[in-house]
Amino acid sequence: MSRFTGKRWLKERVSVLMDTSALKKIVLLMVLTMLAVIISTGIGDMQIAPWKVVSVFFGGGSSIDQLVVTSFRLPRILIALLAGMALAVAGGILQGMIRNPLASPDIIGVTGGAGAAVVAFLTIFSNKDNTLMVSIKWLPVAAFIGAAIIAFLVYFLAWKKGVSPVRLVLIGIGISALTQACTTLLMIMGPIYRASQANIWITGTVNGSDWQDVWILLPWSIIFIFLSFMITRQLNIQELGEEVATSAGANVQRQRFILLLMSTALVGGAVAFAGGIGFVGLMAPHMARRLVGSSFGALLPVAALLGGLLVMLADLIGRTLFLPLEVPAGVFTAAIGAPYFIYLLFKTRHS
């Protein structure tokens, strides 16, 4: 128990047992994330030294540096960070609830539901001039509604005297295929410009993000990520199996419903502003499990930081490696995630 330390607050009414090793890794990842934001902000067509980027953050720097950093690069980097964190936490929640490290929002159809809803939003509310007839602020609401509809549909179809994790995955895979078909149909029916835009967006991109997007996604992500950290005990109990969790006094079905709702909210917000970035919800929790073990009190924060780093790195590669062409970040998360997914399958098969 030497690696654990206890803390008590509010006259010992609140107590926490912390893993000091995991805490050090979380702090290290936070520092790496801050450095990644600074370095990524300075890289592009116009190179800006890291110390100049920091100066701009504190209100200094030249006018051109301020324009490039604050108007062009920082909003998309923050969207990439927030979306990656949200997708990673959502994936961690689903893996704990389903008790399978191969589970992710992509596999059970939640990401597909959010994507189909956003494409429907862009198709239905676009006029002949290719302009939106309603405010873009409704986009995350549409994504959340789409993700929620699919999540509840999967949950309802998987119900048979309770929700079985295996049934949830199998039905989710089928519903995911259905959402992809609906998305393709909506792209064909919509305006050509919107179809092209939707195709890039489905792949996953943060290009074109602005501060309006950041101020919408920031509170949404922070609230639900924080709430997810507060329910890590439920996830730890869920991993023990239904019989053990029930004997420990847990209301398993109610907890699964709440966990699915939290995951849906996180995916809806991320997909609304970063598109259908795949494999982050699969990779980040699994990487975190290798770093800090399977306890969700440490796993979810580490997964969140790793997810943010993955999407920021993918976006950085996409906007700098093939200049002047810009490649969506989702291409590179898929390029990393597909081999990693195959590796996980082989590892699970032989374990």
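**Aromatic rings in helix 8**

Tutor: W220 and F224 sit four residues apart in helix 8, so about one helical turn separates them. Keep in mind as we go that this is a predicted model. A pair of aromatic rings is described by the distance of the centres and the angle of the planes. For W220 and F224, the ring centres are 5.2 Å apart and the planes make an angle of 50 degrees, which puts the pair in the tilted class. As for solvent, W220 has a relative accessible area of 26%, so it counts as partly exposed.

Now go to W211 and W215, which also belong to helix 8 (residues 211-230). Here too the spacing is four residues, about one turn of the helix. These two rings are stacked, with 5.7 Å from centre to centre and 25 degrees between the planes. The stacked label follows because planes under 30 degrees apart count as stacked. How accessible is each partner? W211 comes out at 28% relative accessibility and is therefore partly exposed, while W215 has a relative accessible area of 56%, so it is exposed.

Counting up, the model has four aromatic pairs.

Two packed helices are described by the angle between their axes and the distance between the axes. Take helix 2 (residues 50-57) and helix 3 (residues 63-98): their axes come within 10 Å and cross at roughly 85 degrees. The two helices are therefore roughly perpendicular to each other, because angles from 65 to 115 degrees fall in that class. On the helix 2 side, the contact uses K52, V56 and F57. Helix 3 answers with D65, Q66, V69, T70 and L74. Sorted by class, that contact holds four nonpolar, two polar and two charged residues.

One last stop is L321, in the loop between helix 13 (296-320) and helix 14 (329-350). Is L321 buried or exposed? With 55% relative accessibility, L321 counts as exposed, because the exposed class begins over 50%.

Terms used. Residues numbered from 1 in each chain as written. Predicted model: local features only at pLDDT ≥ 70, side-chain atom pairs only at ≥ 80, totals over all residues. Heavy atoms only, no water. Axes fitted to C-alpha atoms, helices over the stretch in contact; angles between N-to-C directions. Parallel < 35°, antiparallel > 145°, perpendicular 65-115°, else oblique. Contact = heavy atoms within 4.5 Å. Nonpolar A, V, L, I, M, F, W, Y, C, P; charged D, E, K, R; others polar. Phe/Tyr/Trp six-rings, centres within 6.5 Å; stacked < 30°, edge-to-face > 60°. Buried < 20%, exposed > 50% of the residue type's maximum accessible area, 1.4 Å probe, protein only.
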